[in-house]
Amino acid sequence: MYKFNFASPATIDDAAAQFEASDDATYISGGMTLVPTLKQRLAMPSDVIDLSKIASLKGISLDGDMVKIGAMTTHAQIASDGLVVANIPALAELAGGIGDASVRNRGTIGGSLANSDPAADYPAAVLALGAEIHTNKRTIAAADYFVELFETALDEGEIITSISFPVCKVANYQKFSNPASRYAIAGVFIAKTSAGVRVAVTGAGPYAFRQNEMEAALDGDFSAKSIDGITVSDDGLNEDIHASASYRANLIKVLAIRAVEAIS
Amino acid sequence: MSNNASINGGVGSGISHDSTKKHANGTAVYVDDIRVPENALHLYAFPSPHAHAEITAMDLSEVESADGVALVLTADDITGMNDVSPTHSGDDPLLADGKVMFQGQAIFAVAADSLNQARAAAQLAKISFKPLPAILSINEALAQDSFVFTPQVMAQGDAEGELKNAKNTLSGKLNIGGQDHFYLEGQASLVIPQEDGDVLVHCSTQHPSEVQTHVAQVLGVERNAVTVEVRRMGGGFGGKETQASPWAALAAMTAQKTGRPAKMRLVRDDDMIMTGKRHPFQISYEVGFDDAGIVTALDMTLVSDCGHSLDLSRAINDRALFHADNCYYIPNMRVTGLKCRTNKVSNTAFRGFGAPQGMMAIEEVMDQVAQKLGKDPLAVRQANLYNASNNTTHYGMVVEDNVAPEIIAQLKTASNYDKRRAEIEEFNANNEFVKKGIALTPLKFGISFTTKFLNQAGALIHIYADGSVQLNHGGTEMGQGLFTKVAQIVANTLNIDLEHIKITATNTGKVPNTSPTAASSGTDMNGMAAKLAAEKLIDRLRQFAIEHYGVAEGDVKFLPNRVKVGKQTFSFKEFVNAAYMERIQLSATGFYATPKINFDPETGKGRPFLYFSYGASVSEVEVDTLTGEAEVVRVDILHDVGRSLNPTIDLGQIEGGFIQGVGWLTNEELFWNDDGALATHAPSTYKIPTMGDRPDIFNITLFDNENMEDTVYKSKAVGEPPFMLAISTYRAIWQVTKGNLDAPATPEAILKACGEPS
Ligand SMILES: Cc1cc2nc3c(=O)[nH]c(=O)nc-3n(C[C@H](O)[C@H](O)[C@H](O)COP(=O)(O)OP(=O)(O)OC[C@H]3O[C@@H](n4cnc5c(N)ncnc54)[C@H](O)[C@@H]3O)c2cc1C
């Protein structure tokens, strides 16, 4: 590791101010993604600002018909939290399937969403459930959040403070894990929401996206049969060392059918 | 603990590995655990970023002046030879000299106070390259006639002619991927400088004598100035047969030049990028067969990707050819082996040493023939087995110890093969997407190094005057249990409890000119050498008793832990002490050279093996034909280890070998970028099997047999053969997919094959 300045501010404002004041700062939450990046010198920030001492980034609460999850909440906490399990069981299950035990015990939802890895799991839930991403400046709707490969709507230095998920008891997440890392080669989150059926896909494209054709079909008839005839194009899907675009296209449909069957 | 009836821990007892507890509680010492002296230097080798390039300029001044750096080594600093090729082919430079031949080739090395300093300093190098066209695949190599060695042909009968006469013919292709060794302990060496410029090398290697040779060659000194010691490795699998030398040699150069201890341990990514792997193979064949499925003619070509240098590729490819018959008699057979040179890391020994790829080829042929005729694949296999009258292999060796038919018959019954196959057919008829497959494959694996001079081993045994014994031999311990087995052999031969036999580290100063612990022959050869040494000691002690106590030869009896001389009985300890007082030499060496073997590469004929080990396995898999996911649900194995020296250790080898083979054929996928860089160089991208991948039902039985040949206590080698039991898993998956299924059968490969017309 190389030398950098390290600070553990106690408030969100302090953290943002310290970010402003330094040349090239970065936040650290669980460090599961950031620390390997630093080790490999893929990024060499002058200042690393630790968010883990900020009390207001923690905790899970029920806020009307929304479950609000602090950005510093770990995957393991989300997987086992009573409120989440009772109100959005599919989200708890998704969190419990991330990486391995040590990744789940350190990695945070805020870090995952800020990083926006194309193979991360949460983005599918965020899009399908229509979550809101709260930052120290504003609230960003799910639909506006994912912008490009590893790129989000967050501004430089903007801090995710919490994420609000609408309560949704009828949903399911299916993923095809990379056998080595357990990241999603493809993942499909299907939710029956008040606005209709939502189908969101992660892992397969540069960033998470909704599968409108399947949503329309499932809105008409929520059954595996109704999406069986849909052809998923491999256009624009990821092609990498883990899988080809056409294999991912095939997985999207298979996983969607599995999710529908799990719900029905 | 002494017992009058029998000794503890003798041959055949299923005692656990000598280091089991130490492995579990962390007290087993590996190279990286040896406390380094305070002034030790740590090395890092800078890997080439190009697959093939000329080095046009190199400025290392900033590296030299970086923090903590004591020494920078380039090809120009080598006082001896810049070569670490195992067969003296001269194409494995220790450090690149003017050009690089693969991505990851060491260009220079930095020695610094810490590994981090060395790595950081290396990044300051300024090197200019002129990239050259690189050959990155077997097909490109074939198109450009790029080979590391001449082709080898082995043939009998008239394959070409009989293919024309055959009732039915088929032709096909099969691609088989490589495999990283993924030993838990990476390559590591620690060199302690001695007086007069000599060096002591602690090295994680299967071949201490070769490390000694290479270190001496690079330093330009005689071998007597280099001592290599290895207590144990954290896994080897062939990856530490030739791949351990470079790092030892760089550390030795550093120790020699600075007078400071020097350590070199590759981090995992560098280990995967910089060291050779199992050879990928491309198989093509044309087979002729009658309506019963009997193969009458076969013409097969096995092409391998050897990487940039020869290394052991000649012998590895030969072993692939030697096993292209597996257990089957093929009267008209021709196999040709082509060894491609590519701009990749030089591929090397890996458990099975080419045989797995040869067997994969012939097992593909068997299934394709059965498929074409609509016959049970097992029936076709059985119809083609070697038997008493048809028993000559394509390389002219007579198969005298054939137990494959019995093993198959027993396993078929024990595993309920027929009933399960019928049930599976019914299951498949009733299930649209999830399909099951079952396959039984046999194996026959030749034991001996096909390089004749390597078939020799030595041992050294001391009995101290208190009756305790110290044992040393040329074999190395890599977790396979060799040390335990050889100690059991010595306990048996001396007829004393195992706990009196002290196992000691392999050391080139104790037993010289040793062969690698490889070719599954570790116990056969070192166990025999140790037995011969122990027998020498017994003979001497008997002679002492006859002379000293004035008794007849028949009156001296070596009973468990005691010696009866006439009417007197001594404890072993008392007896040994008496011999010592009478100035009897209580130290002996033993030496073994495997008999009967020969092979002539010119004619492609001979008897390369002393004997064969056999086995068979049945795998049942469940495949999701929508995603290509496959699960191994049940495995039954019947395996021949002759008279087992230690059933616990043998079962461990069989289980581990099988699982490692399944990893090769299913999950472990090496992915190379278009520019020749290995993209899968860490466990985050390269998946080896874990405990969770063990099939739920996993029955392993040792076949009741004894070696026909005069091997140590009638045992058979067990290191490599079980690896090839995994072929039944691949064949079971193929039963579902049919078509062209490349190995490894990853979900994507399976899905692709499912989609093809069969
Ligand atoms: C072996 C392994 C397996 C994994 N498998 C999976 C998997 O199966 N599925 C999956 O989804 N993920 C997986 N991950 C990723 C894991 O979930 C990470 O924890 C997550 O991507 C990052 O979270 P973190 O808290 O560790 O963030 P950090 O590494 O601390 O930070 C990541 C980035 O986010 C920024 N950041 C962090 N917190 C905030 C914030 N509150 N506001 C703004 N920016 C912030 C940081 O500056 C940094 O740029 C895996 C990771 C590993 C190492």
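Domain bounds here come from an automatic or database domain assignment. On that basis, chain B is divided into domain 1 (40–133 + 181–274), domain 2 (281–450 + 600–754) and domain 3 (456–514 + 522–593). Chain A, for its part, is given domain 1 (5–50) and domain 2 (58–263). Please keep in mind that this is a predicted model, with an ipTM of 0.92 and a pTM of 0.96. Residues from chains A and B surround the ligand, so the site is shared between chains.

**Confidence**

- Chain B has an average pLDDT of 97, and 99% of its residues score at least 70.
- The scores for the model are ipTM 0.92 and pTM 0.96.

**The ligand site**

- The ligand is surrounded by 32 residues, and the closest are A:Gly30, A:Gly99, A:Gly107, A:Gly111 and A:Ala114.
- Sorted by class, this shell holds 14 nonpolar, 14 polar and four charged residues.
- In chain A, strand E2 (25–28), helix H6 (101–106) and helix H7 (109–115) each provide at least two residues of the shell.
- H7(A) makes the largest contribution to the shell, with five residues.
- Both domains of chain A take part: domain 1 (5–50) and domain 2 (58–263) each give the shell at least three residues.

**How the domains of chain A meet**

- In chain A, the C-alpha centres of domain 1 and domain 2 are 26 Å apart.
- Their contact involves 11 residues of domain 1 of chain A and 13 residues of domain 2 of chain A.
- On the domain 1 side, helix H1 (residues 12–21) of chain A gives the most, with five residues.
- That side of domain 1 of chain A is made up of six nonpolar, four polar and one charged residue.

**Where chain A meets chain B**

- Chain B puts 13 residues into the contact, and chain A puts in 11 residues.
- The chain B side that touches chain A comprises six nonpolar, five polar and two charged residues.

**Two places to look at in chain A**

- Helix H8 (residues 122–129) of chain A is largely enclosed by the rest of the structure, because eight of its eight residues are buried.
- Those buried residues of H8(A) are A:Tyr122, A:Pro123, A:Ala124, A:Ala125, A:Val126, A:Leu127, A:Ala128 and A:Leu129.
- Just after H8(A) comes A:Gly130, which takes a positive phi of about 70°.
- Elsewhere, A:Ala216 sits in helix H10 (residues 212–220) of chain A.
- A:Ala216 counts as partly exposed because it has 15 C-beta neighbours inside 10 Å.
- Between the C-alpha atoms of A:Ala216 and A:Ala153 there are 27 Å, with the two residues 63 places apart along the chain.

- The largest nonpolar core has 265 residues, of which B:Leu43 and B:Val110 touch the most other members.
- Not counting residues up to four places away in sequence, B:Val110 touches B:Leu43, B:Tyr44, B:Val63, B:Val69, B:Val72, B:Ala118, B:Ala121 and B:Ala122.
- Another core, of 45 residues, lies apart from that one and includes B:Ile501, B:Val565, B:Val576 and B:Val712.
- In helix H3 (residues 115–122) of chain B, the buried residues are B:Gln117, B:Ala118, B:Ala120, B:Ala121 and B:Ala122.
- These buried residues of H3(B) pack against strand E1 (41–47), helix H2 (61–64), strand E3 (69–73) and strand E5 (106–112) of chain B.

**Domains 2 and 3 of chain B**

- Taken over C-alpha atoms, the centres of domain 2 and domain 3 of chain B are separated by 40 Å.
- Their contact joins 11 residues of domain 2 of chain B with 12 residues of domain 3 of chain B.
- The side of domain 2 of chain B that touches domain 3 of chain B has six nonpolar, five polar and no charged residues.

**A buried lysine in chain B**

- You will find B:Lys716 in the loop between strand E29 (697–702) and helix H18 (727–737) of chain B.
- B:Lys716 counts as buried because 31 C-beta neighbours lie inside 10 Å.
- From C-alpha to C-alpha, B:Lys716 is 4.7 Å from B:Gly642, although 74 residues separate them in sequence.
- Leaving aside neighbours within four places in sequence, B:Lys716 is in contact with B:Ser613, B:Asp640, B:Val641, B:Gly642, B:Asn707 and B:Thr711.

Note on methods
Residues numbered from 1 in each chain as written. Chains lettered and ligands numbered in written order. Predicted model: local features only at pLDDT ≥ 70, side-chain atom pairs only at ≥ 80, totals over all residues. Contact = placed C-beta atoms within 7 Å. Helix = DSSP H or I, 4+ residues; strand = E, 2+ residues; numbered from the N terminus. Nonpolar A, V, L, I, M, F, W, Y, C, P; charged D, E, K, R; others polar. Near = placed C-beta within 6 Å. Buried ≥ 20, exposed ≤ 12 C-beta atoms within 10 Å, placed from the backbone. Core = buried A, V, L, I, M, F, W, Y, C linked by C-beta atoms within 7 Å. pLDDT = per-residue confidence, 0-100.
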